[in-house]
Amino acid sequence: MGRILNLTVLMTLLVVTMVGTAFSGSFNEEFDLTWGEHRGKIFSGGKMLSLSLDRVSGSGFKSKKEYLFGRIDMQLKLVAGNSAGTVTAYYLSSEGPTHDEIDFEFLGNETGKPYVLHTNVFAQGKGNREQQFYLWFDPTKNFHTYSLVWRPQHIIFMVDNVPIRVFNNAEKLGVPFPKNQPMKIYSSLWNADDWATRGGLVKTDWSKAPFTAYYRGFNAAACTVSSGSSFCDPKFKSSFTNGESQVANELNAYGRRRLRWVQKYFMIYDYCSDLKRFPQGFPPECRKSRV
């Protein structure tokens, strides 16, 4: 089970220090390649990382540090060409059966067809809060920035600084929210052709292997946790001391318009609209899911 930290205790332990400068995090310093043997590589002096998948295995990495609230940015260029059956996952997660987790998952597709961006939030081991999107660009042509903004008030999923999803803290309605368990950053590239593309109808074409995704531009403006103490980037510390103004800054009028634009034109699934799945009524947080 992941370590549980009391939020009140955390507040008394805040020590201000810098934990990152925009787009300067070294993969050698910040991450460990955790599986896949030679299929994961760090190169260009620690500025680039790649994960590959072949018929034998995929690959993955995780952060050396644990985070408890912050903004995490990563630039990804996804598997090009026929990526059907593959999944590139980039997420925050704690450990154990009651873990918390915040997910980006990129579901590959046949050449010329769009990726599906799958998002989910787990709290105390319970997920099933999926929203899915198409992207308004080809994510295989260039690097794009995928961000998770995690605060006590809400979680914001962002693509190139455009908010695509907001998951609000609805604890007042009895809905658990990730706020006590520190989480590490994980990413993996793996074969999921039993479900990833059209529900598993399209299988991985191994003649196209190896499949490779690329990473750069990691940045964490965040609080890190070690041995019961928390160290916070001063750019992020104000989320505790002046939370309402920070929320307004992240979701100003322009950001809210962009969020509505994405959800109107690019959202392809929302669990809060799935009547077949919830015939007895939607989960209580769905009343707070719109901004």
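The model is predicted. It shows a protein with five helices and 17 strands. Of its 291 residues, 56% count as buried.

**Overall picture**

- The protein exposes about 13100 Å². Carbon and sulfur atoms supply 51% of that area.

**The disulfide**

- A search of the whole structure finds one disulfide.
- It joins cysteine 272 to cysteine 286, with an S to S distance of 2.0 Å.
- The two cysteines are 14 residues apart, and both sit in the segment after strand S17, which covers 267–270.
- The torsion about the S-S bond of cysteine 272 and cysteine 286 is about -85°, so the disulfide is left-handed.
- Cysteine 272 has 8% relative accessibility and therefore counts as buried.
- Cysteine 286 also counts as buried, because its relative accessibility is 14%. The cut-off for buried is under 20%.

**Helix H5**

- Helix H5 runs over residues 253–265 and has 13 residues.
- From its first C-alpha to its last, H5 reaches 18 Å, close to the 18 Å expected at 1.5 Å a residue.
- Its buried residues are Gly255, Leu259, Val262 and Gln263.
- These residues cover an arc of only 95° around the axis, so they lie on the same side of H5.
- An α-helix has 3.6 residues a turn, so residues three or four places apart point the same way.
- Exposed residues Tyr254, Lys264 and Tyr265 are carried on the face of H5 turned away from its buried side.

**Threonine 34**

- Threonine 34 lies in strand S2, which covers residues 31–35.
- Its relative accessibility is 39%, so threonine 34 counts as partly exposed. That class lies between the buried limit of 20% and the exposed limit of 50%.
- Leaving aside residues up to four places away in sequence, threonine 34 touches Gly60, Phe61 and Lys62.
- Threonine 34 and serine 187 are 153 residues apart in sequence. In space, their C-alpha atoms are 9.8 Å apart.

Methods. Residues numbered from 1 in each chain as written. Predicted model: local features only at pLDDT ≥ 70, side-chain atom pairs only at ≥ 80, totals over all residues. Heavy atoms only, no water. Helix = DSSP H or I, 4+ residues; strand = E, 2+ residues; numbered from the N terminus. Buried < 20%, exposed > 50% of the residue type's maximum accessible area, 1.4 Å probe, protein only. Areas by Shrake-Rupley, 256 points an atom, 1.4 Å probe, with all protein chains shown as cover. Disulfide = S-S within 2.5 Å. Contact = heavy atoms within 4.5 Å. Expected span 1.5 Å × (residues − 1). Arc of directions from axis to C-beta.
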